[in-house]
Amino acid sequence: MVCLGNICRSPLAEGILKHKIAEHNLDWHVESRGTGNWHAGHLPDKRSIAVARKHGIDITDQRSQQIQQKDLTEFDLIYGMDTSNYNNILKMTHTEEQKAKVKMIMNEHQPGYNQSVPDPYWGDDGFEMVYQMLDNACNAIVAQYTS
Ligand code: 4NP
């Protein structure tokens, strides 16, 4: 799960998918990253922590990390939250195999729409909508890879 700062959107995506993985007894490993390094080592944004907590999910074990080359080989699927994240991740790839791993997360929910999860950092009211979008996407991911 990759966004810009790895403090707002992708920590929510990580927390939501991990929650569903536990509910479905799946043997999946999920982490999140930012394309930027400004927040490296920081907790998720307190507004993401709050909206996750409201839905029964604790994301306070997470710390922001910047995406690295090795992530492109170690993970099977790499989800960008918006088109900017997606394009920045693609620029890091070196092989067709790596390119094929990179996806826009909302395309799991509505294939082909290339919908971005909006960056909620500069406002206060976007976090619940981001949560709902990512919940839809994570439901679709679980359905797709378990059926
Ligand atoms: P995120 O949100 O990419 O969803 O973690 C942002 C967090 C921090 C900044 C921008 C977006 N920032 O500019 O510091």
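## Terms and overall architecture

A residue is called buried when its relative accessible area is under 20%, exposed when that area is over 50%, and partly exposed in between. The structure described here is a predicted model. By the exposure cut-off, Asn25, at 71% relative accessibility, counts as exposed.

The protein contains 6 helices and 4 strands. Read from the N terminus, these elements follow the order β-α-β-α-α-β-α-α-β-α. The radius of gyration is 14 Å, close to the 15 Å that the globule rule gives for 147 residues, so the protein is as compact as a globular protein of that length. The C-alpha trace spans about 40 × 40 × 30 Å along the principal axes.

## Interior, surface and charge

Of the 147 residues in the protein, 48% are buried. Among contacts between residues at least 6 apart in sequence, 71% join residues at least 24 apart.

The protein exposes about 7,700 Å², and carbon and sulfur atoms supply 49% of this area.

## Two asparagines with positive phi

Asn6 has a phi near 55°, which is a positive value in a residue other than glycine. Asn6 is placed in the loop between strand S1 (2-3) and helix H1 (9-23). With a relative accessible area of 3%, Asn6 is buried.

Asn25 also has a phi near 55°, again a positive value in a residue other than glycine. The loop that holds Asn25 runs between H1 and strand S2 (33-34). Whereas Asn6 is buried, Asn25 is exposed.

## The buried face of helix H4

Helix H4 covers residues 83-92, and within it Asn85, Ile89 and Met92 are buried. Seen down the axis of H4, the buried residues fall within an arc of 50°, so they line one face of the helix. As a general principle, an α-helix has 3.6 residues a turn, so residues three or four places apart point the same way.

Several elements take part in covering the buried residues of H4. Strands S1, S3 (78-80) and S4 (102-104) are included in this cover. Helices H1, H3 (69-74) and H5 (96-101) are included as well.

## Two histidines in loops

His39 lies in the loop between S2 and helix H2 (46-54). Because the cut-off for a buried residue is under 20% relative accessible area, His39 counts as buried at 19% relative accessibility. Leaving aside neighbours within four places in sequence, His39 is in contact with Gly5, Ile7, Ser64 and Tyr121.

His109 is found in the loop between S4 and helix H6 (127-146). Its relative accessible area is 37%, so His109 is partly exposed. Apart from neighbours within four places in sequence, the contacts of His109 are with Asn136, Ala137 and Ala140. The C-alpha atoms of His109 and Ser48 are separated by 21 Å, and these two residues are 61 residues apart along the chain.

Definitions and conventions. Residues numbered from 1 in each chain as written. Predicted model: local features only at pLDDT ≥ 70, side-chain atom pairs only at ≥ 80, totals over all residues. Heavy atoms only, no water. Rg over C-alpha atoms; globule rule 2.2 N^0.38 Å. Buried < 20%, exposed > 50% of the residue type's maximum accessible area, 1.4 Å probe, protein only. Contact = heavy atoms within 4.5 Å. Areas by Shrake-Rupley, 256 points an atom, 1.4 Å probe, with all protein chains shown as cover. Arc of directions from axis to C-beta.
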